[in-house]
Amino acid sequence: MRSLTLAALFTGASAFLISSAFAAGFFHSVKDPATKKECGACHMVYPPALLPARSWEKIVGDLSNHFGEDASLPDPVRANILAYLTQNAGDSGQTNSWFMRGVRDNVVPPRITEMPFWRGIHGGFSPASFKRPGVKKRGNCLGCHS
Ligand code: HEC
Ligand code: HEC
């Protein structure tokens, strides 16, 4: 059933884009030094293609209230990170737009794990699969993907 859904997602013109997005190392693909350092301090560094620019604007615009933590940064650093994330966002035209499927124009997804593509693939997984040691959180992609 799940492979049927994935097969449906993977057919058509974007098949090439999907495989290139999942080239080895996709989850380690962020090279921008400030983003790697500051946004990798508490969790994995998320590739910018996983969210639209407006979501990065919202997240990086409110770092003092970041999912219950204070992740604030001095302004020049913050502005550089925001520029990197938005320039390479999923709707920037620079990266894989497959992740943007199903996102309505008037919606600002608050996190990757609320993106329609993510829910479409992982929504049927048991809650226990996210609680395993080494995973712990839905947003810990690297717990399951390398
Ligand atoms: C002080 C620690 C800390 C820092 C620094 C930090 N984060 Fe986070 N981040 C968190 C926590 C805590 C969560 C929520 C994890 C959970 O409970 O699911 C989170 C979640 C996220 C999510 C949502 C993941 C999902 O579940 O879909 C994104 C995106 C994100 N952070 C981006 C960033 C970016 C971009 C930066 C750098 C500007 C950053 N974070 C820096 C602590 C931090
Ligand atoms: C609990 C483990 C787990 C976590 C955590 C997880 N995934 Fe997955 N993900 C999977 C599995 C398993 C599949 C393959 C599903 C299948 O083949 O039926 C998958 C498939 C995918 C796919 C489809 C392409 C592929 O490689 O098969 C994408 C894209 C994806 N995940 C992105 C993410 C992102 C982004 C995150 C973090 C925000 C994440 N996943 C977190 C287990 C996980």
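Which residues touch the most other members of the largest nonpolar core? They are Leu50, Trp56, Val60, Ile81, Leu85 and Ala89, out of 15 residues in that core. This is a predicted model, where local features need pLDDT of at least 70, side-chain atom pairs count only at pLDDT 80 or more, and totals for chains, interfaces and linings use all residues. Residues are numbered from 1 along each chain as its sequence is written, while chains are lettered from A and ligands numbered from 1 in the order in which they are written.

**The core**
- A nonpolar core here means buried Ala, Val, Leu, Ile, Met, Phe, Trp, Tyr and Cys residues joined through C-beta atoms within 7 Å.
- Buried means 20 or more other C-beta atoms within 10 Å of a residue's own, and exposed means 12 or fewer, with C-beta atoms placed from the backbone.
- Helix 4 (53-60) and helix 5 (75-87) each give two or more residues to this core; helices are DSSP runs (H or I, at least four residues), numbered from the N terminus.

**Helix 5**
- Ile81, Tyr84 and Leu85 are buried in helix 5.
- They sit on the same side of helix 5, because they cover an arc of only 95° around the axis, going by the directions from the axis to the C-beta atoms.
- The face turned away from that buried side carries exposed Asp75 and Pro76.

**Around Pro48**
- Pro48 lies in the loop between helix 3 (33-38) and helix 4.
- Pro48 counts as buried because it has 25 C-beta neighbours inside 10 Å.
- Pro48 and Asp91 are 43 residues apart in sequence, yet 9.7 Å apart in space, C-alpha to C-alpha.
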